[in-house]
Amino acid sequence: MRGAVMHAPGDVRVEERGEPRIVEPTDAILRMSATCICGSDLWPYRGVDALDGPTPMGHEYAGIVEEVGSEVTTIKPGQFVIGSFFASDNTCEICRAGYQSSCVHRVGIGTEGSQAERLRVPLADGTLVATPGVPADDLVPSLLAASDVLGTGWFGAVAAEAGPGKTVAVVGDGAVGLHGVLAAKQLGAERIIAMSRHASRQQLAREYGATDIVEERGDDGVAAIKELTNGLGAHSVIEAVGTQESMMQAIRATRPGGHVGYVGVTHGDLPGDQLFESATHLHGGPAPVRRFLPELLGLIADRTVDPGRVFDLTLPLEQAAEGYAAMDERRAIKALLTP
Ligand SMILES: [Zn+2]
C-alpha cells in the first residue's frame with residue numbers, strides 16, 4: 001500500500017509500505033476514508049524532534065473496518081469508525097477515570113502511520129467508536145477532526161474548566177487552538193479571547209465563538225488579556241502551541257486560582273519560581289480524546305458543530321509532501337489527505 005514516510009526534516013515521501021496485518025487478536029484493519037497532517041508532525045519536519053531513520057507518519061484517521069482479530073467483539077467489518085491517536089483498552093483503571101491516552105496498555109497510532117491507505121488499530125474494541133451508519137461524505141472531515149484536533153481542543157477547554165460565567169483565553173491559532181475556542185463556546189463560556197495575528201484564523205475563531213481577538217504575544221499579549229479582564233487575567237486559559245514561551249504566556253494570562261489547560265506538546269523547561277508565584281491550576285497532557293468521542297460524534301452528526309472547517313487544504317495522499325510544506329509555511333491551517 002501507499003503511505004507517507006519522513007526520511008529527514010523537510011523530506012516526506014509517499015512510497016510503498018508493507019500492508020498492515022492483524023498482529024494481535026484484538027487488532028482491526030481499517031481502509032482509510034480520510035487522514036491528515038497534524039501540527040505535531042511539524043516538530044520532526046522542522047528538525048525540532050529527532051528522527052530515528054525513515055518513519056511512517058500520521059496518527060489521525062477515520063475509515064471503514066476491513067478485518068478484525070479473533071478477540072474483537074464489538075467492532076465489525078463494514079463499520080465506519082473513528083479513534084484517538086493512542087489505542088487504549090478502555091477498561092483499565094486509568095481509562096475508566098477518563099484518561100485513555102495514558103491507558104496502561106496504550107499503543108501510539110503514530111508508530112503505525114495513518115497517512116496511508118490502510119491502518120492497523122490495536123485494542124480495537126476499546127479504541128474505536130463506530131458511527132450509526134456510514135456517514136454522508138460531507139461529514140467525513142469533521143469526523144476525522146474528532147480523531148485529534150477537536151478532541152484535543154475539547155480536552156484543553158475541559159482541563160481549563162471553561163464554562164458559564166468564565167472568560168477563556170486561547171493561546172495558539174492552529175487547529176487545536178481553534179477547536180479550543182469551539183469547545184469553550186459549546187461548554188457555555190461567557191467570553192472567549194482568541195490570540196491570533198492571522199486574519200483567516202481570526203475569522204474562523206470568531207465563527208467558532210471567539211468574542212475578542214488579541215494579536216499581541218508574550219508580555220504584550222499577557223498585558224492585553226489583563227486589560228480585558230479588569231487586570232486579573234482570564235479564569236481559564238487553553239495552551240495549544242507547546243513552546244516554553246506560549247506556556248508561560250498562558251500561565252501569566254491566568255488569574256490566581258484560575259485554570260490552564262495545556263494540550264500543546266510541551267517543549268522546553270518551565271521556570272519553577274514563576275509556576276509557584278502564578279497560583280494557578282495546571283492540567284493537561286496528551287488529550288484523552290476517546291473520553292469525548294461519543295459526545296463529539298453526536299454533535300457532528302446533528303451538525304451542531306462543524307470542526308471539518310479547519311481543513312483548508314485537501315490533497316490526494318500522493319501529495320502529502322505539499323501538505324507538510326503548506327502547513328509548515330502556514331499557508332494552510334490543516335491538510336486533509338484522501339487515500
Ligand atoms: Zn486502559
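## Burial of L178

A residue is buried if 20 or more other C-beta atoms lie within 10 Å of its own. In this predicted model, L178 has 30 other C-beta atoms within 10 Å, so L178 is buried.

## Surroundings of L178

L178 belongs to helix α6, which covers residues 175–186. Setting aside neighbours within four places in sequence, the residues in contact with L178 are D173, R201, L204, A205, Y208 and V310.

A distance can also be given for L178 and M195, which stand 17 residues apart along the chain. The C-alpha atoms of L178 and M195 are separated by 9.9 Å.

## Two domains

The protein chain is divided into two domains. Domain 1 is made up of residues 2–148 together with 288–338, while domain 2 takes in residues 150–284. Between the C-alpha centres of domain 1 and domain 2 there are 26 Å.

## Where the domains touch

Domain 1 gives 18 residues to the contact, and domain 2 gives 16 residues. On the side of domain 1 that touches domain 2, the elements giving two or more residues are α4 (140–146) and α11 (289–301). Helix α11 supplies the largest share of that side, with 4 residues.

What is the make-up of the side of domain 1 that touches domain 2, in terms of nonpolar, polar and charged residues? That side has 12 nonpolar residues, 3 polar residues and 3 charged residues.

Terms used
Residues numbered from 1 in each chain as written. Predicted model: local features only at pLDDT ≥ 70, side-chain atom pairs only at ≥ 80, totals over all residues. Buried ≥ 20, exposed ≤ 12 C-beta atoms within 10 Å, placed from the backbone. Contact = placed C-beta atoms within 7 Å. Domains from an automatic or database assignment. Nonpolar A, V, L, I, M, F, W, Y, C, P; charged D, E, K, R; others polar.
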